Amino acid sequence: MSLLRLSMIVVALAGAVGLAFSNPTTDDYLGFVERELGKAVDRMDQSTPTREQQFIRQVFQSQSRKLLESLVRPNTARQNWGIVSRYETQVADTKVIVFGLGGWFIPIQGVEEATLKIGRMAF
């Protein structure tokens, strides 16, 4: 085996180990969902009066963790494949599929739709 081939194998293994250590947890996923909900609140209809928007933001900021713990966590299944995790959440008649890789989340299906539905449910 050549030194170049051996070096490539070592680098690939080191990369796989790095990805395995940075594989997101369910708590990381809940943080991702919370950020997505926060973005949805920020994008809310601009025709809504400013005072009402501020009230909605304050309620969301104070209650978002409870909402996630009671609505998202129990309805989420995580499949951990070592270097990548697949999160499937069934909420508000919407199936959400997200992949977590290296500390990043890649939405595959239903994130926007579920975010809007959860936001409406909260208010």
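A nonpolar core is a set of buried Ala, Val, Leu, Ile, Met, Phe, Trp, Tyr and Cys residues joined through side-chain atoms within 4.5 Å. I kept this definition at hand while reading the structure, which is a predicted model.

Entry 1, the core. I looked up the largest nonpolar core and found that it has 18 residues. Y29, V33 and V98 have the most contacts inside this core. I then noted which elements give two or more residues to it: α2 (26-42), α3 (50-72), β2 (84-91), β3 (94-101) and α4 (111-122). Of these, α2 gives the most, with six residues.

Entry 2, Y29. I listed the contacts of Y29, leaving aside its neighbours within four places in sequence. The partners are V72, T76, Y87, T89, V96, V98 and F105.

I followed the pairing from β1 (residues 76-80) onwards. Strand β1 runs antiparallel to β2, and five bridges join them; N80 stands opposite S85 in β2. Strands β2 and β3 are also antiparallel, with eight bridges, and V84 stands opposite L101 in β3. Five bridges then pair β3 with β4 (residues 104-109) in the antiparallel sense, where Q109 in β4 is the bridge partner of I97.

I checked the residues between the strands for positive phi. The hairpin of β1 and β2 has three residues between its strands, and G82 takes a phi near 85°. Two residues lie between β2 and β3, where A92 has a phi near 50°. Two residues also lie between β3 and β4, where the phi of G102 is near 60°.

I found a nonpolar patch formed by M1, L3, L6, I9, V10 and L13, with about 650 Å² of accessible area together. Of its members, V10 lies in helix α1 (residues 3-21).

Methods: Residues numbered from 1 in each chain as written. Predicted model: local features only at pLDDT ≥ 70, side-chain atom pairs only at ≥ 80, totals over all residues. Heavy atoms only, no water. Patch = residues over 30% accessible without salt bridge, like charges linked within 9 Å, V, L, I, M, F, W, Y side chains within 5 Å. Areas by Shrake-Rupley, 256 points an atom, 1.4 Å probe, with all protein chains shown as cover. Salt bridge = Lys/Arg side-chain N within 4 Å of Asp/Glu carboxyl O. Helix = DSSP H or I, 4+ residues; strand = E, 2+ residues; numbered from the N terminus. Buried < 20%, exposed > 50% of the residue type's maximum accessible area, 1.4 Å probe, protein only. Contact = heavy atoms within 4.5 Å. Pairing = 2+ DSSP bridges.
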